[in-house]
Amino acid sequence: MWNSSLRLLALAASLVLGAFSSDAAGEPLAKELFGAKTLPAAAEPASYGFYSKGCFSGGMAIATDGPHWQAMRLSRNRRWGHPDMIRLIERLSRDAAKAGWPGLLVGDISQPRGGPMLTGHASHQIGLDADIWFTPMPNRRLTAAERESVSAVSMLRDGSLHVDDRKWTPLHAALLKNAARYPEVERILVHPGIKKKLCDTVRGDRSWLRKVRPFWGHDYHFHIRISCPKGSPGCSSQNPPPRGDGCDQSLAWWFTEEPWRPAKGPEKPKARDIMTLAQLPPACRTVLAAASPPSELAVTVTGPEAPVMATTVKAYDTIDPAEALSSIPASAIPLPMPRPTGR
Ligand SMILES: [Zn+2]
């Protein structure tokens, strides 16, 4: 057990001492600094900045396994989010199960302290975005290796912008409706083909369709975004979706050539490849420097109840993490999660 802890410390040290890539002026890139954090910032939960430019403190993790979910791609360590986001996923897993969905496969949420990522996603930076697979949870526990390798299934017909009716079911629509009806959910991103399917098939209450927005990708998973939570004055809201169900010309545009045309001119660098701490909200420096909670387990959501330590975040806010670790009995220190290399 201590060996594993020491190995983790050694890894952390090598990450600190190792050469970070930097921008032209020699400033380290924010994605390297945030990507190196393995635990959240132990402080009051708060999101800073915007979904695609920010960070958060007081993060919690969704457990790798729950009664109605399994987290995927564990090696990425992106099971972290603002507590409101994590609790909402747990709640959705129960509500969806009641409606007949076999369980959630949970994709990326955020890094422990958010921020830009080394790979993937432009957003998911402030702990308020989560990807849920359209593939239902199998009726057995996947191994850690399977969670790296199993591929999600596209809901589209091969080479088409339209949903494959052999894959899409009313349960998929019910899952999206379940997620969209939570007041905290600000919007849900799906492939335009899926939005079209909903527009064509949803009867009765269609008000929830307003929150379901067409976007590139999102045929293997959907993306839940929640609004800026209470206690996050530094969080910038997104403009609400336009009124109506969105089954209009704005959707028709996705079925023209324009959105799929390759961009002209030289490729612009991705934001994450140039973003330094200076471009993030100033609070992100504090978030980066904050102490960690004593363990991952202390801030992991495993069911409807709040994790043991989560209610006492303030208590360990100022504690040196090494000290906190030595003050709890060895038997209470959970084994570190296996983190295979690669994505
Ligand atoms: Zn996403």
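Q: Is C284 buried or exposed?
A: Buried: this is a predicted model, and C284 has 0% relative accessibility there, under the 20% cut-off.

Q: What does C284 form a disulfide with?
A: With C55. Their sulfur atoms are 2.1 Å apart. The pair links distant parts of the chain, with C55 in strand β2 and C284 in helix α8, 229 residues apart.

Q: And C55, buried or exposed?
A: Buried as well, with a relative accessible area of 0%.

Q: Which hand does the disulfide of C55 and C284 have?
A: The S-S torsion is about -105°, so the link is left-handed.

Q: Switching to β2. How does β2 pair with β1?
A: Antiparallel, over five bridges; β1 covers residues 46-50 and β2 residues 53-57. The two form a hairpin with two residues between them.

Q: What's the bridge partner of A46?
A: S57 in β2. S47 stands opposite F56.

Q: How many residues of β2 are buried?
A: Four of its five.

Q: Back to sulfur. How many disulfides in the whole structure?
A: Three. Another one joins C199 to C247, S to S 1.9 Å. C199 sits in helix α6 and C247 in the loop between β11 and α7, so the bond ties together parts 48 residues apart in sequence. C199 is buried at 10%, while C247 is partly exposed at 28%.

Q: What about C228 and C235?
A: They are joined by a disulfide too, S to S 2.0 Å. Its torsion is about -75°, so this link is left-handed.

Q: What pattern do the disulfides follow?
A: 1-6, 2-5, 3-4, counting bonded cysteines along the chain.

Terms used:
Residues numbered from 1 in each chain as written. Predicted model: local features only at pLDDT ≥ 70, side-chain atom pairs only at ≥ 80, totals over all residues. Heavy atoms only, no water. Pairing = 2+ DSSP bridges. Buried < 20%, exposed > 50% of the residue type's maximum accessible area, 1.4 Å probe, protein only. Disulfide = S-S within 2.5 Å.
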